[in-house]
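The entries follow in the order in which I looked things up.

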Amino acid sequence: MRKFKTESKKLLDLMINSIYTNREIFLRELISNASDAIDKLYFKSLTDSTVALNQDDLAIRVSFDKDARTLTVSDNGIGMTEEELERNLGTIAHSGSEEFKETNAEAQGDAVDIIGRFGVGFYSAFMVAKEVTVMTRAYATGKTFRWTSDGVEGYAIEEVPATDPAFKFESGTDVILTLKDNTDDASYDEYLSEWQLKDLIQRYSNYVRYPVKMMVTKSRQKPKPEDAGDDYQPEYESYEELETINSMTPIWKKKASEVTDEEYNEFYKSTFHDYTDPARTFSLHAEGALEYDALLFIPGRAPFDLYSKDYEKGLELYSSNVLIMEKCADLLPDYYNFVRGVVDSADVHLNISRETLQQTRQLTAMAKRIEKKITGELERMRDDDRAAYETFFENFGRGLKYGIYQSYGMKAAELGDLLLFWSAKEQKMVTLKEYADAMPSDQKAIYYAAGDDRDRLAKMPVVTAVLDHGYDVLLCTQDVDEFCFQAMREYVFTPAAEAAEDAVADGEAAEAQEPQEKRLELKNVASGDLDLATEDEKKAAEEAAKANEGLFSAMKEALGEGAVTKVTVSARLTKETDAPACITAEGPVSLEMEKVLNAGPMPEDVKSQRVLELNAQHPVFAKLQAAQEGEDADKLKLYTELLYDQALLMEGIAVPDPVAFAQNVCKLMA
Ligand code: ADP
């Protein structure tokens with residue numbers, strides 16, 4: 001017996017004894033090797049005229065024997081000579097074994113990581129087999145060799161004489177696994193089941209270029225006997241037939257014009273286990289240093305677990321038609337986590353780990369391009385099929401907003417124009433660009449209101465005040481909205497072309513028509529200074545604030561410690577017909593953010609700095625002044641509390657003491 005090299009032994013031992021979760025991938029590895037071996041023979045035939053090859057005969061065969069508990073993967077490829085057997089199968093992971101020696105010390109722990117790093121291909125067979133036999137005949141040698149190993153200490157190689165029934169008359173290789181015995185924890189019987197093997201082949205090797213054939217049991221109706229009576233019941237018999245299990249031609253390698261929508265939809269549904277057709281199907285073909293094809297889908301509906309932590313994003317990654325990762329997360333940014341699809345590149349090497357891939361740089365390059373492609377497709381969808389885009393946005397818009405928030409606004413340029421918000425003025429969903437383009441020329445910011453109910457928001461005094469001004473307000477009802485806007489801070493855009501055309505019409509210089517980038521601040525109508533008041537109004541408000549200092553500090557005191565940071569004259573509510581008061585917030589935390597942050601699973605006890613703003617034109621304001629002048633402290637307290645509570649109610653915030661509020665209302669009536 002020949003011994004495995006030390007490092008091979010260690011690696012093998014680690015792998016076999018690790019509870020590797022994806023044992024089944026061994027079949028994919030063996031089929032890939034078989035496919036490579038056929039490739040080699042095929043390529044040889046292209047350059048060597050002595051190689052007579054019938055391309056139709058090239059195939060991989062999977063067979064099993066339940067009684068003997070063996071599973072065999074055969075190919076009629078190039079085969080191996082004795083030296084090749086020794087070199088290729090005697091040193092596990094020969095390409096990586098030197099490196100393994102060096103990193104051996106720290107590598108001991110994580111078998112999955114090691115498998116990923118070194119790619120142990122053929123040896124993954126030992127995850128399910130207690131013994132592996134390789135019968136092989138290299139092309140044009142006339143010799144058959146048998147390699148056997150239990151995957152522990154070493155292996156044996158012997159030549160098989162032509163008189164032996166196992167002698168191979170054709171070039172190629174049979175890899176015969178004697179499956180491990182079942183244990184309490186693991187059953188290996190699934191590798192002896194026709195339909196389970198079929199499933200594995202279709203799952204992992206569906207797009208291997210050569211047919212993967214297996215004997216399958218089928219059923220057929222027996223011919224009706226001549227003398228069958230009227231009560232004849234059809235009889236069935238089962239029979240066996242060699243069937244090609246894989247589909248071979250990858251759909252993404254076909255020209256889009258050759259594939260029907262129906263076929264794409266079926267592929268999408270069967271591959272990604274969805275029962276709804278995709279909303280959009282698009283593909284990408286990259287050439288150059290890194291070549292790959294991608295077929296991508298935007299699902300028609302959100303999977304139920306999209307927003308749960310169990311949801312795994314990722315694209316299927318193939319290397320020359322062989323699946324190497326079912327969900328390659330590195331290919332998609334989080335905000336495009338809903339995209340499904342397939343990426344196939346011959347430049348990415350087959351590597352059995354789902355956890356680690358060595359080609360991070362290649363993946364990064366692909367991911368970048370894919371991200372751009374998705375953005376472009378979404379933009380197209382937004383522009384040519386608005387109804388579909390709105391459905392898409394209902395399904396996945398939240399993730400895009402999170403993308404901006406989580407990137408601290410860095411992704412605003414890419415994602416900002418994909419967002420839709422409800423316009424109070426237009427009564428429909430609009431993009432920020434549409435909002436900006438429709439703005440009156442004197443408007444300096446984008447206004448929004450955040451809360452959980454659109455109808456309530458529309459009626460809020462702070463919203464109607466801005467609408468009365470002739471400015472639109474975006475009504476935002478998702479908890480992420482305001483965080484997204486805060487991360488963006490401003491919306492940067494290039495105004496619609498009409499403006500530039502006007503400039504030309506005015507006879508301005510040609511350079512002037514180059515549309516200038518514009519920046520608009522995103523302002524919550526219930527926070528900070530909206531800068532809506534005219535100079536006169538501002539002055540009047542300042543004067544009123546000064547004149548009523550005593551009133552305001554008395555009211556602040558009446559509300560008790562910490563209720564509001566300030567009572568002041570409102571620059572938002574300036575007409576007699578506006579509401580008498582409203583609550584706004586100073587500083588970075590808005591009233592809505594306070595609500596969202598404190599409602600989470602881990603309440604953060606965040607407090608906004610509340611301001612009670614009074615409408616100086618409203619008749620109630622005069623009543624307050626009168627109470628203050630008449631030194632009627634009880635009345636002032638009653639009015640102040642009532643105004644504060646109703647302002648909170650209009651904001652959708654619960655009043656701190658509902659009983660006191662009810663009693664105050666009664667006091668007023670009595
Ligand atoms: P990898 O395929 O990543 O090189 P493996 O451990 O799977 O690593 O296989 C090692 C080598 O053994 C292959 O590179 C190939 O040369 C050889 N080999 C494996 N299976 C076959 C086969 N069915 N026919 C011919 N050669 C094979």
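I began with the crossing of α14 and α18, which is left-handed (the near helix is turned anticlockwise from the far one by less than a right angle; clockwise would be right-handed). The model is predicted, so I kept to its limits: local features need pLDDT of at least 70, side-chain atom pairs count only at pLDDT 80 or more, and totals for chains, interfaces and linings use all residues. Residues are numbered from 1 along each chain as its sequence is written, and side-chain values use heavy atoms, with hydrogens and water left out.

I looked up the geometry next. The axes of α14 (residues 481-488) and α18 (residues 591-599) come within 9 Å and cross at roughly 120 degrees. Axes here are lines fitted to C-alpha atoms, for helices over the stretch in contact, and angles run from 0 to 180 degrees between N-to-C directions. Helices (H or I, at least four residues) and strands (E, at least two) are DSSP runs, numbered from the N terminus.

I then listed the contact (heavy atoms within 4.5 Å). From α14 I noted Glu-482, Phe-483 and Gln-486, and from α18 Glu-592, Met-593, Val-596 and Leu-597.

I turned to the sheet. It is open, has three strands in the order β21-β23-β22, and its pairing is mixed; two strands pair if DSSP finds at least two bridges between them. The edge strands, each pairing on one side only, are β21 (566-569) and β22 (581-586). The twist averages 35 degrees from one strand to the next.

β21 and β23 run parallel and are joined by four bridges; Val-569 stands opposite Leu-614 of β23. β22 and β23 (residues 609-614) run antiparallel, with six bridges. Across that pairing, Ile-583 stands opposite Leu-612, and Ala-585 has Arg-610 as its bridge partner.

How many residues of β23 are buried? I found five of the six buried, so β23 is largely enclosed by the rest of the structure. Buried means under 20% relative accessible area, exposed over 50%, and partly exposed in between, with a 1.4 Å probe and protein chains only.

The protein has 21 helices and 23 strands. Of its 670 residues, 48% count as buried. Among contacts between residues at least 6 apart in sequence, 70% join residues at least 24 apart.
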